[in-house]
Amino acid sequence: MGKQENLEKTEKKSAMESAGAKDPHRYDDMLFLPHHVSSSHPPMSMENRAAQFSPFAALTGYGDVVKEAGRWTEQKIELDETEKEVLDRKLRILNEYLKIDAKNRPLLSFTYYLPDEKKEGGSYVTETGVIRRIDPYQKRLILFDENRIGDGTQIPVENLLGLEEV
């Protein structure tokens, strides 16, 4: 390289620096250097290196919220007066039967509305069991547990839709 070329490069470099531009070739001398390998830190596995760049859930729990919102619930069916009278008559007969014969209790099927704990609405459930007692104060039917020992399922009378002997 001649003096003239060096002078042109220097002038060009100083003109670029005064304009605020960086020399695009200022790290050219580092391009072909060997890759540094640390003697104190072992190299990271490819799997761990890839995990650094994997996507993450920015909105944790969002999927659960969408799933919950999409879950179907039913509205409570209101019985008309005739259906209420029939159900009330069945409950009175059952209550009298429980007073007369406490040992031989029939196996019954109860269909009732179970309100959803997380959102508006609920579902209709059919439960088969033996009734332990009718609580007139809390207006609930209390069934025996699976072993016919203590209290099991409690059904609010206001949510009862049907009552049939099995």
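**Note on a predicted model with four helices and five strands**

1. The model is a predicted one, in which local features need pLDDT of at least 70 and side-chain atom pairs count only at pLDDT 80 or more, while totals for chains, interfaces and linings use all residues. Residues are numbered from 1 along each chain as its sequence is written, and side-chain values use heavy atoms, with hydrogens and water left out.

2. Ile 134 has its place in strand 2, residues 122-135. Setting aside neighbours within four places in sequence, Ile 134 is in contact (heavy atoms within 4.5 Å) with Leu 91, Leu 94, Asn 95, Leu 98, Arg 140 and Leu 141.

3. The overall layout is as follows. The chain holds 4 helices and 5 strands, where helices (H or I, at least four residues) and strands (E, at least two) are DSSP runs numbered from the N terminus. Read from the N terminus, the order of elements is α-α-α-α-β-β-β-β-β. Of the 166 residues in the chain, 18% are buried. Among contacts between residues at least 6 apart in sequence, 48% join residues at least 24 apart.

4. Strand 1 (107-115) pairs with strand 2 in the antiparallel sense over 9 bridges; two strands pair if DSSP finds at least two bridges between them. In this pairing, Leu 107 stands opposite Val 130 in strand 2. The two strands form a hairpin with 6 residues between them, and Gly 121 in the turn has a positive phi of about 105°.

5. Strand 2 also pairs with strand 3 (residues 140-144), again in the antiparallel sense, over 4 bridges. Here Arg 133 stands opposite Ile 142 in strand 3. The hairpin of strand 2 and strand 3 has 4 residues between the strands, and Lys 139 takes a positive phi near 50°.

6. Which backbone oxygens lie 3.1 Å and 2.7 Å from a polar atom of the side chain of Arg 105? The oxygen at 3.1 Å belongs to Ile 131, and the one at 2.7 Å belongs to Arg 132. Both are polar contacts (N or O atoms within 3.5 Å; within protein, one must be able to donate a hydrogen and the other to accept it, and residues adjacent in sequence count only if both atoms are side-chain atoms). Arg 105 itself is found in the loop between helix 4 (81-100) and strand 1. With a relative accessible area of 19%, Arg 105 is under the 20% limit and therefore counts as buried.

7. The count of salt bridges (a side-chain nitrogen of Lys or Arg within 4 Å of a carboxyl oxygen of Asp or Glu) comes to 6. One of them joins Asp 88 and Arg 92, with the closest N and O atoms 2.7 Å apart. These two residues are 4 apart in helix 4, so about one helical turn separates them. Asp 88 is partly exposed at 38%, whereas Arg 92 is exposed at 51%.

8. Another salt bridge links Glu 68 and Arg 71, whose closest N and O atoms are 2.4 Å apart. Glu 68 is partly exposed at 22% relative accessibility, and Arg 71 is partly exposed at 32%.

9. The side chains of Arg 133 and Asp 135 meet in a salt bridge of 4.0 Å, N to O. Arg 133 is partly exposed, with a relative accessible area of 36%, while Asp 135 is buried at 10%. Elsewhere, salt bridges that share partners join Glu 68, Arg 71 and Asp 116 into one network.

10. The last point concerns the surface. The chain exposes about 13900 Å², and carbon and sulfur atoms supply 55% of that area; accessible areas come from the Shrake-Rupley method with a 1.4 Å probe, and for residues only the protein chains shown count as cover. Tyr 27, Met 30 and Leu 33 form a nonpolar surface patch, together giving about 350 Å² of accessible area. Patches are made of residues with over 30% relative accessible area and no salt bridge; like charges are joined within 9 Å, and nonpolar side chains (Val, Leu, Ile, Met, Phe, Trp, Tyr) within 5 Å. Tyr 27 is found in the loop between helix 1 (3-18) and helix 2 (46-51).

How values were computed. Buried < 20%, exposed > 50% of the residue type's maximum accessible area, 1.4 Å probe, protein only.
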